[in-house]
Amino acid sequence: MGLTVATWNVNSIRARMEQVLSWIDSRRPDVLLMQETKVVDSLFPVEPFRERGYDTASSGQKTLNGVAVASRHGLEVIRTGLASRFLDDQKRVLLARTAGITVMSVYVPNGGDPSLARFADKLAFLGELALEASEEARRGPFLMAGDFNVAPGDEDVDDPVAMDGHICFHPEERARFGGILDAGLTDLFRMFNPAGRAFSWWDYREGSFRRNIGMRLDHVLASQDLAGAAVSCGIDREPRGWEKPSDHAPVVAVFDLPGTE
DNA sequence: ATGGCCAATTTTATTGGA
């Protein structure tokens, strides 16, 4: 028995279909949360998932953003977007019920340079996620996962001194990310890997993956009841080394809960 | 010090990503 839940910023589901299907076929996750699908719902590639036994739900848009969930255990969409409707024209949140738990696929705004107005939106968005976390965690087993565009700790970047104040490692956004944890969620990767440098994203440029210079931006956060049932959480670096990869790697968590494998 | 790659589109440049 075990329920495997993964999150992966695929950087365009249509450009990444071959890699995503290959990964699904070898890992057989029960639930996969995706970000940056970059496609409207009507063009989401439902059929290849269905052939493999997955139901899918998409909240997408053209060119940018877009989140989705695939599950082998039934799927009911609860809501798209934040409860507050903040940044509602950007498709960044999908809340769904599957496999006996509530899951939220999230894609936090990058924010651009911390001097830009978009950065303030990023901070506000992270604040909204903390509210969502406390609300949902009260209701039952809840998992918030996706691309938070925040490297929370010093070991989540290559050089914390050089990166200080840069986008994704600015003190204010790290504090806001801490607010989500304070709301009652646990960073499952760090629960199982409390120390050591680890990344989930590597820039396409500069040979970053080969040199292992990146950031840990993709997170699986679980409510306390769910964290108590977790048996592992890791980053699967392999698909980042494939041909035409996403710049992000999947993060995979396994729970001692009824699943299929 | 800068940019270096990639995807999508309003494509032969631009925007956003992080």
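Tutor: Start with a strand that is mostly covered: β4, residues 67-71, has five of its five residues buried. Buried means that 20 or more other C-beta atoms, placed from the backbone, lie within 10 Å of the residue's own. Strands (E, at least two residues) and helices (H or I, at least four) are DSSP runs, numbered from the N terminus.

Student: What should I know about the source?

Tutor: This is a predicted model, where local features need pLDDT of at least 70, side-chain atom pairs count only at pLDDT 80 or more, and totals for chains, interfaces and linings use all residues. Residues are numbered from 1 along each chain as its sequence is written, while chains are lettered from A and ligands numbered from 1 in the order in which they are written.

Student: Which residues lie on each side of β4?

Tutor: In a regular strand the side chains alternate between the two faces of the sheet. Here Val 67, Val 69 and Ser 71 are on one side, and Ala 68 and Ala 70 on the other. Both faces are covered.

Student: Which strands pair with β4?

Tutor: Two strands pair if DSSP finds at least two bridges between them. Strand β2 (31-35) is antiparallel to β4, over five bridges. Leu 33 sits opposite Val 69 there. Strand β3 (55-59) also pairs with β4 over five bridges, in the antiparallel sense. Its Ala 57 has Val 69 as bridge partner.

Student: Why is β14 called largely enclosed?

Tutor: Five of the five residues of β14 (251-255) are buried, so the rest of the structure largely encloses the strand. Val 251, Ala 253 and Phe 255 are on one side; Val 252 and Val 254 are on the other. Strand β1 (3-9) runs antiparallel to β14, joined by five bridges, and Thr 4 has Val 254 as its partner. Strand β13 (230-235) pairs with β14 too, antiparallel over five bridges. Ala 230 stands opposite Phe 255.

Student: What is the strand order in the open sheet of six strands?

Tutor: The order is β5-β6-β7-β8-β12-β9, with mixed pairing. β5 (76-80) and β9 (185-187) are the edges; each has a single partner strand, so one side of each lacks a neighbour in the sheet. Neighbouring strands are turned by 20° against each other on average, direction ignored. Within the sheet, β6 (93-98) and β7 (101-107) are antiparallel over six bridges. Arg 97 has Thr 102 in β7 as its bridge partner.

Student: How do α3 and α5 pack?

Tutor: Axes are lines fitted to C-alpha atoms, for helices over the stretch in contact, and angles run from 0 to 180 degrees between N-to-C directions. Helix α3 (117-139) packs on helix α5 (171-182) at about 10°, with axes 8 Å apart. The pair is therefore roughly parallel, a label for angles under 35 degrees. Contact means C-beta atoms, placed from the backbone, within 7 Å. The contact residues include Leu 126 and Ala 130 in α3, and Phe 177 and Ile 180 in α5. α3 also lies across β7, β8 (142-147), β9 and β12 (218-223), at about 150° to β8.

Student: Which residues come nearest to DNA strand B?

Tutor: A residue is near a strand if its C-beta atom, placed from the backbone, lies within 6 Å of it. Of the 24 residues around DNA strand B, Ser 12, Ala 15, Asn 110, Tyr 204 and Arg 205 come nearest.

How values were computed:
Buried ≥ 20, exposed ≤ 12 C-beta atoms within 10 Å, placed from the backbone. Parallel < 35°, antiparallel > 145°, perpendicular 65-115°, else oblique. Contact = placed C-beta atoms within 7 Å.
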